[in-house]
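Subject: Structure for you to look at

Hello,

Here is the structure I said I would pass on. Please open it before you read the notes below.

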Amino acid sequence: MDKLSTLSRFKASCPFLGRTKTSTLRNLCTSTSTRFPSISLLTERATNCPVMGPALSVRSKEIVAGYASMAGNSDIEQIHKEKGVNIPADASVEMCPHASAARAAARMADDLAHAAKGKEISSKAAAAAGCPFHKAALEQTAKAAGVAPHPVPVSTASTSVSSSAHTGAYDYEAFYNTELEKKHKDKSYRYFNNINRLAHKFPVAHTAKVEDEVQVWCSNDYLGMGNNPVVLETMHRTLDRYGHGAGGTRNIAGNGAVHLGLERELATLHRKDAALIFSSCYVANDATLSTLGTKLPGCVMFSDKSNHASMIQGMRHSTAKRVIFKHNDLDDLENKLKEYPKETPKIIAFESVYSMCGSISPISEICDLAEKYGALTFLDEVHAVGLYGPRGAGVAEHLDYEAQLAHGENPDPIPGSVMDRIDIITGTLGKAYGAVGGYIAGSDDFIDMIRSYAPGFIFTTSLPPATVAGAQASIAYQKIYLGDRQLKQVNVRETKRRFAELDIPVVPGPSHILPVLVGDAALAKAASDKLLYDHSIYVQAINYPTVAVGEERLRITVTQRHTVEQIDKLVAAVDQVFTDLNINRIKDWKALGGRATVGVPGEDDVVEPIWTKEQLGEETATTPKTLRDGEKDVVDPQGVFVARSRFDHLLGPISGPLRSGYQVAAPAVTPNTTTSSAASVVPKTMKTGTKLMDFAPRARDIPVPPPSKLSAVA
């Protein structure tokens, strides 16, 4: 914010700053250059400036010279001795603030030099661009020479290389700019923060600056399975055996044993005949609904008003008629179904957990209507798989919790159960399972039909083997281990309770979704920024079109690996930000008549969770305890054994400590930081095979009992 206030002082004198929106400047300030990682995008732009370019070059050299003078001082050892600084034998540059700062300065100078290379701008060109400093310099030079200054053409904001090069053609750049300006005006322009989640410090990430760490509170990696050690181990082993890419589409070289194994895993998870994996669940929904809607003669699709964009697009891409029913409104749905003969092909498309409000659909009742009016049911379990049910199959499984638990790993359906009554289930591998990809599950013929006709499946490169194997390991692990799901729910309940005590408006719902209502796009962005910059907490603001205008929010994700202390910090930070920005609390929304189900007269502010106390283990005193800082998260040995056993036939049996950390030998010589040559930083020999890898136990490694001491689970 200090940078922005400083920049704003020069808006009147600098043409670039004057015509650039403050929001754009904020984005340029906080975004790292992709080509020159030690400087920001704004600094890279500044190297083009005839004023700032030379100034940056001079300043960077001064900084380097300042550090170099101290670095070359022959008395450095004496200084360390006088200050009581003891250098350990394994000391590195990062351990010394002076040395690391010197290296950073050298990198910045190198990046600035490369960024400015070949970008010298003449005074005439700068003046033509509207630079007042160079215009004045040209006038003074002309005056001193006793000649009239040569007139300089003044450029306008509308002039561009594109339009001058294509006179009379459509101005595409102006079109792009106009469309972006609309997003800026309605405050719905999206800013992407540079967040890099750390595998061994979940839920911590670093920002564009590696040394700046933040707590992540909005990731869809709901259970932290993206860095579960048995998942990482499986991915490493698969990568060494099968390489990186799949090699083509499923029809051409991309149909491997790991892909077929994952589809069998998913089919048994939902107790369906078959499953089919896609590159994402967006693609799965789009491809499936568009194919069904086009192939079924005269099909009518009934869509919940709050459905995800992937489902909406799939229906639009089909030739079917689309009918929208009010969110979770059974009466409205039935009234619309009545309008069509029973023999007319119909599909009711809906979600189990709606990700922006946290509501859960009446699945069983919708199945009743589908049977009554002759419709197929298409259930999106994206935000539910891994999180609900005794095996993590989603809300449909959770609704028959005891029966599904007793059925164990039997792949056959339970006749009459909610999950059995659903015709088509879609899910994702990219949320609770911590991977990437999507899938559908259903009858053999249905899956084969989509496989044979859906362009989104046929013409897409297959998912990489390591990704697919990691996803299967994650699903197999979560089928066995219930503790992660239970503890996540415990932490969600506690955080909701703490917010309620502070009158912070959480959209009420029975699920794990925790949406904090802000009600204004600009305020939501400001709140997100303050949490990030003032409190090192990352929560992304959600605005239109993801949510309706006026219902903007902060969507907070609480995981089972957030600690007591981290929850304390989050609650205090959100409370402080609400105070600082004067954001409406529950009492304020009540005074306004309510919004987004918050503060609505006659409505409950709290909704009973779908997980019961018995399912959480409260009645048997088996509920997992929230972690404290410094405590290790639980890795279940039985889940590890089962996940490993899935790959015995492909990767060979494995036992003993988990090998989740693989190391590559570092180069013997410290790389030269002032050169961009790749040869200077890459070791001559890369140890990628398992025999050359360092399998020494890591801090997160856990002992796993030998298979003989564990009961085998099919």
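The notes below start with the whole chain and then turn to salt bridges.

Please keep in mind that this is a predicted model.

The chain as a whole

The protein chain has 714 residues, and 45% of them are buried. Its secondary structure consists of 29 helices and 14 strands. If you take the contacts in the chain with a separation of 6 or more, 70% are between residues 24 or more positions apart. The chain exposes about 35100 Å² of surface, with carbon and sulfur atoms supplying 56% of that area.

Salt bridges

How many salt bridges does a search of the whole structure find? The search gives 27. Three of them are described here, each with its place in the chain.

One of them pairs Arg250 with Glu263, and their closest N and O atoms are 2.8 Å apart. Arg250 sits in the loop between helix 12 (229-242) and helix 13 (257-269), while Glu263 belongs to helix 13, so this pair ties together parts that are 13 residues apart in sequence. Are these two residues buried or exposed? Both Arg250 and Glu263 are buried.

Another salt bridge joins the side chains of Lys479 and Glu409, at 3.6 Å from N to O. Lys479 is in helix 23 (residues 465-480), and Glu409 is in the loop between helix 19 (401-407) and helix 20 (418-421), so the pair ties together parts that are 70 residues apart in sequence. Lys479 has 5% relative accessibility and therefore counts as buried, since buried means under 20%. Glu409 has 26% relative accessibility, so this residue counts as partly exposed.

The next salt bridge is between the side chains of Arg498 and Asp568, with an N to O distance of 3.0 Å. This pair links distant parts of the chain: Arg498 lies in helix 24 (residues 483-501) and Asp568 in helix 26 (residues 564-580), 70 residues apart. Asp568 is partly exposed, as its relative accessible area is 32%.

A network

Which residues are linked in a network of salt bridges? They are Glu265, Arg391, Glu397, Glu409, Lys479 and Arg646.

Regards

How values were computed: Residues are numbered from 1 along each chain as its sequence is written. This is a predicted model: local features need pLDDT of at least 70, side-chain atom pairs count only at pLDDT 80 or more; totals for chains, interfaces and linings use all residues. Side-chain values use heavy atoms; hydrogens and water are left out. Helices (H or I, at least four residues) and strands (E, at least two) are DSSP runs, numbered from the N terminus. Buried means under 20% relative accessible area, exposed over 50%, partly exposed in between (1.4 Å probe, protein chains only). Contact means heavy atoms within 4.5 Å. Accessible areas come from the Shrake-Rupley method with a 1.4 Å probe; for residues, only the protein chains shown count as cover. A salt bridge is a side-chain nitrogen of Lys or Arg within 4 Å of a carboxyl oxygen of Asp or Glu.
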